[in-house]
Amino acid sequence: MRLTGAQALIKSLEMQGVEVIFGLPGGAILPVYDPILDSSIRHILVRHEQGAGHMAEGYAHVTGRPGVAMVTSGPGATNIVTPLADAMMDSIPIVVITGQVATTAIGTDAFQEVAITGVTMDITKHNWLITDVDDIPRVVAEAFHVATTGRPGPVLVDLPKDIANATMDWYWPSSLDELDLPGYHPRTTGDPAEVRRAAELILAAERPVLYAGGGILKARGAEALFELATRTGIPVVTTLMGRGTFPDSHPLCLGMPGMHGNYTAVTAMQRSDLLVALGSRFDDRVTGKVAAFAPGAKIVHVDIDPAELGKVRRPDVGIVGDARIVMEQMIAALDAAGLGPAATPAAAGSLAAARPDLAPWLAQVAAWQKEFPLTYDQVEGGALKPQYVLEQLRDMSPDDTIVASGVGQHQMWASQYWRFDHPYTWVNSGGAGTMGFAVPAAIGAKVGRPDKTVWAVDGDGCFQMTAQELVTASAERIPVKIAILNNAYLGMVRQWQELFYAERYSEVYLSPDLPDYVKWAEAMGCVGLRVESAEEVAPAIEKANGIDDRPVVIDFRTDAFEKVYPMVAAGSSNDDIIVGPTEGEGGR
Amino acid sequence: MAAGSASPRPRHHIVSALVENKAGVLARVASLFSRRGFNIYSLAVAPTDDERLSRITIVVDVESAPLEQIVRQLDKLINVVDIFELAPEDATEREMLLATVSAAPADRGQVIGLVGVFEGKIVDVGQDRMTVMLAGSPSKIDDFENLIRPYGIVELQRTGRVALPKLARRAARLRSIAGGSTPAPNDNEAG
């Protein structure tokens with residue numbers, strides 16, 4: 001079968017099982033947009049290429065399948081650079097196809113020419129510039145393979161216009177052997193001797209903590225984590241990227257650690273004698289000052305990326321492998337050492353029988369939880385507290401609602417106050433901290449899981465960065481719901497200026513009503529609602545949850561002075577956690 | 001053997017990477033070093049006997065980052081097919097130097113003499129200059145460079161090192177008669 005390069009590209013995407021492309025056409029990608037008309041793949045026309053990238057990420061977050069975005073050369077390609085960097089930091093599998101000027105024009109500063117493979121070299125897991133039409137099916141297969149295996153990540157395929165117009169004999173690689181990836185062999189199974197050593201450390205620990213990260217979600221390992229935690233009775237902290245890997249309602253769940261983690265999660269890690277890091281990477285926002293982080297803890301570190309082992313903290317046992325597979329190996333090793341499923345007695349004479357009693361540790365943890373819960377104070381008739389909005393939103397929405405967030409105070413409150421009881425229900429920009437992520441990511445998530453309620457919790461600053469994608473959502477009938485926690489400020493920056501720059505507020509004020517978010521929402525084809533007091537919260541959420549034929553935006557006018565607590569100041573030890581505004585420096 | 005075997009751990013290690021012979025691979029390697037803050041001391045790239053592969057020999061500054069991190073991050077690059085590290089004492093290293101030296105007729109005999117002692121070659125001769133070539137271990141090249149410097153170096157170019165692992169030396173006469181454990185190949189850095 002003779003196909004053009006453009007047809008071969010679309011057919012390759014079909015062969016990969018792609019059901020949706022988020023994109024925006026332009027000159028260099030024009031040939032590829034023609035066969036889309038004849039394809040079964042749905043195309044969603046975005047209003048800005050950054051939106052396409054974040055939609056692909058949101059889709060990948062909730063489905064586990066790679067998100068696909070397609071844009072033209074030059075500015076189209078550079079507009080998707082931020083989503084690529086975001087996906088790189090958070091290990092999100094997306095495949096971005098960019099048009100490129102004709103091979104004969106490359107290097108001549110042609111119209112809309114940018115060497116995007118060079119630009120994105122450091123923010124993709126890998127990228128390809130196709131220079132031979134016969135390579136198209138193979139490179140597409142390689143791109144999907146690289147994006148989705150090992151440590152997942154973004155990839156980019158750059159397709160010059162003349163290659164898209166050339167013709168080739170269609171083929172499809174029938175196996176991985178036909179791919180040209182001699183240097184790519186991710187290891188998924190853990191070294192059995194190291195797994196046994198990890199099991200021994202687990203059975204010897206008196207104050208252990210499971211430090212569960214986003215890698216568990218990528219490995220589809222939530223069930224294995226549940227078995228590991230309940231069998232061992234070890235409490236679990238779930239990182240910002242790992243929220244939902246272990247149910248927040250479970251008594252062993254301590255919630256989020258880190259800079260704005262809760263006191264118990266932070267302090268349990270600090271006092272632990274064993275940290276079992278599972279698909280987590282000792283990010284600076286988790287460790288605080290590295291030299292003072294969990295000083296008494298032995299470390300078991302499980303990661304599919306060998307370079308993560310020892311990058312920040314040297315592990316006592318380092319295991320390269322897929323988090324799910326290694327946890328299953330650990331469970332088998334614990335079984336062999338006499339530790340059966342939860343609530344079964346340890347085999348007599350086994351290593352497990354000599355295991356220290358965890359009861360004092362769990363009692364200590366419970367005492368911290370009782371003494372230092374998350375707190376806020378919604379005064380009757382007083383300013384609307386963002387935490388109150390989130391608690392109402394959580395309690396009034398379905399248990400398996402997907403929550404997307406932007407970056408800043410609202411993101412931390414959402415992570416703190418939502419109750420994540422299911423994996424793949426939390427979509428946020430963790431590593432890169434990309435403001436404007438929420439709206440397009442929520443749209444991508446809703447496309448991937450149309451059966452679920454999708455709420456974006458956004459800040460007013462973030463919303464203004466990518467709100468135009470609600471036009472896309474209206475046009476494509478993607479009924480996402482947006483809760484803007486509108487405090488009229490770039491709130492997190494304002495918080496730092498209040499605490500660390502002597503309340504000298506520099507360029508953080510945005511205004512609560514410029515723009516008018518309700519009118520803006522309506523102009524974009526959404527329902528727009530405004531909430532100014534606590535008693536209006538529930539009725540507005542009820543109304544929004546009842547709308548399923550178009551997007552809804554609620555402008556919640558929240559207290560500008562509210563700050564995110566607890567807080568570990570940047571560069572400080574986690575021991576110096578500030579629990580609330582009455583403690584530590586400043587605050588009201 | 002490198003001079004100064006009694007000195008503390010060497011600052012430099014050799015990383016030898018077998019990479020796919022494709023466009024942009026060197027840029028990926030260089031860019032990785034740049035973004036991770038690793039320092040390159042020298043770098044040499046050339047094809048191998050297999051036309052699909054090239055070998056990149058990088059002398060890295062292990063004070064800028066732990067060697068293990070450098071190797072593992074490099075190994076993550078999709079185009080890096082194989083990678084190994086070489087401690088200087090375990091490697092056979094060679095480098096080449098080309099230098100154009102001022103050699104007025106009065107000095108010419110001395111320069112030629114030096115080149116002869118170091119087993120180099122005179123590859124070009126002008127009125128009052130000559131271009132000399134020397135291949136050898138990096139320390140030998142250093143010594144030669146220092147010795148010709150007083151004559152006046154007009155231009156000088158070094159290639160950077162290439163290296164291969166030293167072969168295991170397990171000659172029969174060195175084996176323990178008592179049948180004790182034989183040292184592992186390359187395990188000659190004790191002390």
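Helices (H or I, at least four residues) and strands (E, at least two) are DSSP runs, numbered from the N terminus.

## Basis of the model

This is a predicted model, in which local features need pLDDT of at least 70 and side-chain atom pairs count only at pLDDT 80 or more, while totals for chains, interfaces and linings use all residues. Residues are numbered from 1 along each chain as its sequence is written, and chains are lettered from A and ligands numbered from 1 in the order in which they are written.

## The two chains

Chain A contains 23 helices and 20 strands. Its radius of gyration is 25 Å, close to the 25 Å that the globule rule gives for 588 residues, so chain A is as compact as a globular protein of that length; the radius is taken over C-alpha atoms, and the rule is 2.2 Å times the number of residues to the power 0.38. The C-alpha trace of chain A spans about 70 × 60 × 40 Å along its principal axes.

Of the 588 residues of chain A, 55% count as buried, and of the 191 residues of chain B, 25% do. A residue is buried if 20 or more other C-beta atoms, placed from the backbone, lie within 10 Å of its own, exposed if 12 or fewer do, and partly exposed in between. Chain B has 4 helices and 9 strands, which follow the pattern β-α-β-β-α-β-β-α-β-β-α-β-β along the sequence.

## A parallel sheet and its helix

In chain A, an open sheet of 6 strands has the order β11-β10-β9-β12-β13-β14, with parallel pairing, where two strands pair if DSSP finds at least two bridges between them. The edge strands, each pairing on one side only, are β11 (253-255) and β14 (317-320) of chain A. Strand β13 (residues 298-303) of chain A is joined to β14(A) by 4 bridges, and V302(A) stands opposite I319(A) in β14(A).

Helix α9 (residues 192-204) of chain A lies across β9 (208-212), β12 (274-278), β13 and β14 of chain A, and runs at about 135° to β14(A). Axes here are lines fitted to C-alpha atoms, for helices over the stretch in contact, and angles run from 0 to 180 degrees between N-to-C directions.

## Cores and contacts

The largest nonpolar core has 205 residues, of which A69(A), L278(A) and A483(A) touch the most other members; such a core is a set of buried Ala, Val, Leu, Ile, Met, Phe, Trp, Tyr and Cys residues joined through C-beta atoms within 7 Å. Leaving aside neighbours within four places in sequence, the contacts of L278(A) include L210(A), V302(A) and M327(A), a contact being a pair of residues whose C-beta atoms, placed from the backbone, lie within 7 Å. Between the chains, 14 residues of chain A are in contact with 15 residues of chain B.

Helix α18 (residues 438-448) of chain A has 11 of its 11 residues buried, so it is largely enclosed by the rest of the structure; among them are P440(A) and K446(A).

## Backbone details

A cis peptide bond, with omega about 5°, joins L514(A) and P515(A), and P515(A) is placed in the loop between α21 (491-500) and α22 (517-523) of chain A. Another cis peptide bond, with omega about -5°, joins Y565(A) and P566(A).

D109(A) has phi near 60°, a positive value in a residue other than glycine, and is exposed, with 9 other C-beta atoms within 10 Å. A294(A) has phi near 40°, but counts as buried, with 23 C-beta neighbours inside 10 Å.

Methods: Two residues are in contact if their C-beta atoms, placed from the backbone, lie within 7 Å.
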